[in-house]
Amino acid sequence: MKLLLAPMEGLADEVLRDVLTRLSPYDQAVSEFVRISATVLPQRSFYRISPELAQGGRTAAGTPVQLQLMGSDPDLMAQNAARAAQWSPAGIDLNFGCPAQQVNRHRGGAVLLDEPETLHAVAAAVRAVMPRGGPKLTAKMRLGVRDTGLTLACAEALTEAGVERIVVHARTKLEGYRPPAHWVWVGRIADHVKVPVVANGEVWSVADWQRCRQESGVADVMLGRGAVADPFLARDIRAGRVRDAADPREADWAELLPAIAFFWARVRGKLAARHAPGRLKQWLAFLSRRFVQAEALYQALRPLNDIHAIDAALAAAGADCLARAA
């Protein structure tokens, strides 16, 4: 069983990847996408999306990080992949899964699932420039744009072009992130191709993963928003630990609070003071799905935009947690 941390544009940047891979063991993570549209990008463009390239393509916890590229021009994608490969990422991943309209309007992401021939051309061009014995080539796809009529054709196009693993977000582009995820289709794809297939979508708990595995027949899973909401989810999946919904999870919260403070310090160092509070509140809003303590902290921080006031509120939350544990 392999557990992967998903690329999540505007959410799972290198800061959150660092924190999440410290808290739970992942076999691999994937960066946010590098948009390839008009030129061969300079080194700084790749390093901005994946600073892990400067440290051997791994997070501080040692999790290998693939670099994700997104675009529709085979030649440009190949030239940029060749350039990126020289910095030895854990792999090159092709994005055919992003449903965002602003991306799809420019022929990027999931909209290309209407064109299996384009998927093949892009993947084959990138495969041709990948150094022998170097980073692996993988891809992420959805089930289609509107329906599943071309699902198997897309998967086949990718694997015939040389893609070595496919992650399947088990919804169409038009379904976005609305439940349910159609996990049975992950199994159909896995039966159709000869490369490993990884399930993705609507895995928020160990029980969800168990149902996903039962319906798809696939053990490997990529965790996205579920991992952001519960940073211990990958750890629990490996242990087979099903959580009681009524469990207050005090020990987990005590472990998580220093990680939240570390995240906040990194965000403060990366973003302007006016933008940093929004990133912290964004993560706390996700954590509130799984931790009642996070909901209380989110409500306390929600009206605050001064970084020093937020510092004080986090310190108070930590002191309160220590007092309850004493």
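## A guided tour of selected residues

Begin by selecting Glu202, which is located in the loop between β7 (197-200) and α8 (206-216). Helices (H or I, at least four residues) and strands (E, at least two) are DSSP runs, numbered from the N terminus. This is a predicted model, in which local features need pLDDT of at least 70 and side-chain atom pairs count only at pLDDT 80 or more, while totals for chains, interfaces and linings use all residues. Residues are numbered from 1 along each chain as its sequence is written, and side-chain values use heavy atoms, with hydrogens and water left out.

**Backbone angles**

With Glu202 still selected, consider its phi, which is near 65°, a positive value in a residue other than glycine. Most residues other than glycine have a negative phi, and most peptide bonds are trans. Glu202 counts as buried because its relative accessibility is 17%; buried means under 20% relative accessible area, exposed over 50%, and partly exposed in between (1.4 Å probe, protein chains only).

Next, select Arg107, in the loop between α4 (101-104) and α5 (116-129). Its phi is near 60°, again a positive value in a residue other than glycine. Is Arg107 buried or partly exposed? At 36% relative accessibility, Arg107 is partly exposed.

The peptide bond that runs from Pro179 to Pro180 is cis, with omega near 5°.

**Aromatic rings**

How many aromatic pairs does a search of the whole structure find? The search finds four. Rings of Phe, Tyr and Trp (its six-membered ring) pair if their centres lie within 6.5 Å; planes under 30 degrees apart count as stacked, over 60 as edge-to-face and the rest as tilted.

Select Phe46 and Trp87: their ring centres are 5.6 Å apart and their planes are at 45°, so this pair is tilted. Phe46 belongs to helix α2 (residues 43-49), whereas Trp87 is in the loop between α3 (74-85) and β4 (91-96), and the two are 41 residues apart. Phe46 is buried, with a relative accessible area of 0%, and Trp87 is buried as well, at 14%.

The rings of Tyr47 and Trp87 have centres 5.7 Å apart and planes at 90°, so they form an edge-to-face pair. Tyr47 is partly exposed, with a relative accessible area of 22%. Together, Phe46, Tyr47 and Trp87 form one aromatic cluster.

**Charges over rings**

A charge sits over a ring if NZ of Lys or CZ of Arg is within 6 Å of the ring centre and within 35 degrees of the ring normal. Select Arg142 and Tyr177: the charged end of Arg142 sits over the ring of Tyr177, 5.0 Å from its centre. Then select Arg289 and Trp204, where the charged end of Arg289 sits over the Trp204 ring, 3.6 Å from its centre.

**Two helices**

Display helix α13 (residues 292-301), whose buried residues are Gln293, Ala294, Leu297, Tyr298 and Leu301. These residues are on the same side of α13 because they cover an arc of only 135° around the axis, the arc being that of the directions from the helix axis to the C-beta atoms. On the other side of α13, Val292 and Ala296 are exposed.

Finally, select Ala261, in helix α11 (residues 250-270). Ala261 counts as partly exposed at 36% relative accessibility. Ala261 and Ala190 are 71 residues apart in sequence and 41 Å apart in space, C-alpha to C-alpha.
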